[in-house]
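Visitor: I have a few minutes and a structure to look at. Can you walk me through it?

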Amino acid sequence: GLLLLTGGGDGGVAAWDVADLADAEAAEAGAVPSPLASWAEHTLPVAALWAGGGGAASLAASASADHSVCFYGAGAGTLLRSVRLPVSLTALVVEPGEHAAYAGGEDGAVYELDLVGGAAAGSSAPAPVARLAGHEAPITALATPPALAVLLSGSADGSVRVWDMRT
């Protein structure tokens, strides 16, 4: 039930079933595993990936230097939504309830994206809900610890910020 995402410099993203990758018998027989799904939505390198905890049924997401965040239905292989932001992206996380995503930018800002409302499947969503400014260099890491309503952001400027996701 574990999902592994890979992304490349060519903008491609693939979802893999970890059990298939760890199948020793298949490997000994020379079988080459194939991804559950793959996408070619990005035009520049993939900078960040995120996968939900539901295995093949998971929501998956990618962020790229091409300014876009893409959300996928991993098992179905479908693009659910693509969002274009004003900057190259460097980090990505989806909060545990999968109601919002946060994308870190080259400009040192974190962009909040609403995953519940907004655009229809396959179309671009409206502008981000919020732009969280406070870092002076690109965002290098984002995290949303379970059971806490906070977003943690780290930056190349050496700072870490704790954001209240409710406000």
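Predicted model: local features only at pLDDT ≥ 70, side-chain atom pairs only at ≥ 80, totals over all residues.

Visitor: Okay. Which strand holds Ser153?
Guide: Strand S13, which covers residues 150–155.

Visitor: Buried or exposed? I mean Ser153.
Guide: Ser153 is buried. Its relative accessible area is 2%. The cut-off for buried is under 20%, so Ser153 qualifies.

Visitor: What does Ser153 touch, leaving aside neighbours within four places in sequence?
Guide: Val110, His135, Ala141, Leu142, Ser159, Val160, Arg161 and Trp163.

Visitor: Which side chains make polar contacts with the side chain of Ser153?
Guide: Two to note. The side chain of His135 is joined to that of Ser153 by a polar contact of 2.7 Å. The side chain of Trp163 makes one with it at 2.8 Å.

Visitor: And how far is Thr140 from Ser153?
Guide: In space, 7.7 Å from C-alpha to C-alpha. In sequence, the two are 13 residues apart.

Visitor: New topic: sheets. What is the strand order in the open sheet of 4 strands?
Guide: S8-S9-S10-S11, and the pairing is antiparallel.

Visitor: Which strands stand at the edges?
Guide: S8 (89–94) and S11 (130–132). Each has a single partner strand, so one side of each has no neighbour in the sheet.

Visitor: How many degrees does the twist average there?
Guide: 25 degrees from one strand to the next.

Visitor: How many bridges join S9 to S10?
Guide: 5 bridges. S9 spans residues 100–105, S10 spans residues 110–114, and they run antiparallel. Across that pairing, Ala100 stands opposite Asp114.

Visitor: What holds strands of a sheet together in general?
Guide: Backbone hydrogen bonds, in either a parallel or an antiparallel arrangement.

Visitor: Let's go to S6. How many of its residues are buried?
Guide: 6 of the 6, residues 68–73. So S6 is largely enclosed by the rest of the structure.

Visitor: Which residues of S6 point which way?
Guide: Ser68, Cys70 and Tyr72 point one way. Val69, Phe71 and Gly73 point the other way. In a regular strand, side chains alternate between the two faces of the sheet.

Visitor: How does S6 pair with S5?
Guide: In the antiparallel sense, over 5 bridges. S5 is residues 59–64. One of the bridges puts Ser62 with Cys70 in S6.

Visitor: And how many bridges join S6 to S7?
Guide: 6 bridges, again with strands that run antiparallel. S7 is residues 78–84. Gly73 stands opposite Thr78 there.

Visitor: How many residues lie between the strands in the hairpin of S6 and S7?
Guide: 4 residues. Gly77 takes a positive phi near 75 degrees in that hairpin.

Visitor: Why flag that?
Guide: Because most residues other than glycine have a negative phi.

Visitor: How exposed is His67?
Guide: Partly exposed, with a relative accessible area of 21%.

Visitor: Where does Glu98 lie?
Guide: In the loop between S8 and S9. Glu98 is not a glycine either, and its phi is positive, about 55 degrees. At 31% relative accessibility, Glu98 counts as partly exposed.

Key. Residues numbered from 1 in each chain as written. Heavy atoms only, no water. Helix = DSSP H or I, 4+ residues; strand = E, 2+ residues; numbered from the N terminus. Buried < 20%, exposed > 50% of the residue type's maximum accessible area, 1.4 Å probe, protein only. Contact = heavy atoms within 4.5 Å. Polar contact = N/O pair within 3.5 Å; in protein donor to acceptor, adjacent residues only side chain to side chain. Pairing = 2+ DSSP bridges. Axes fitted to C-alpha atoms, helices over the stretch in contact; angles between N-to-C directions.
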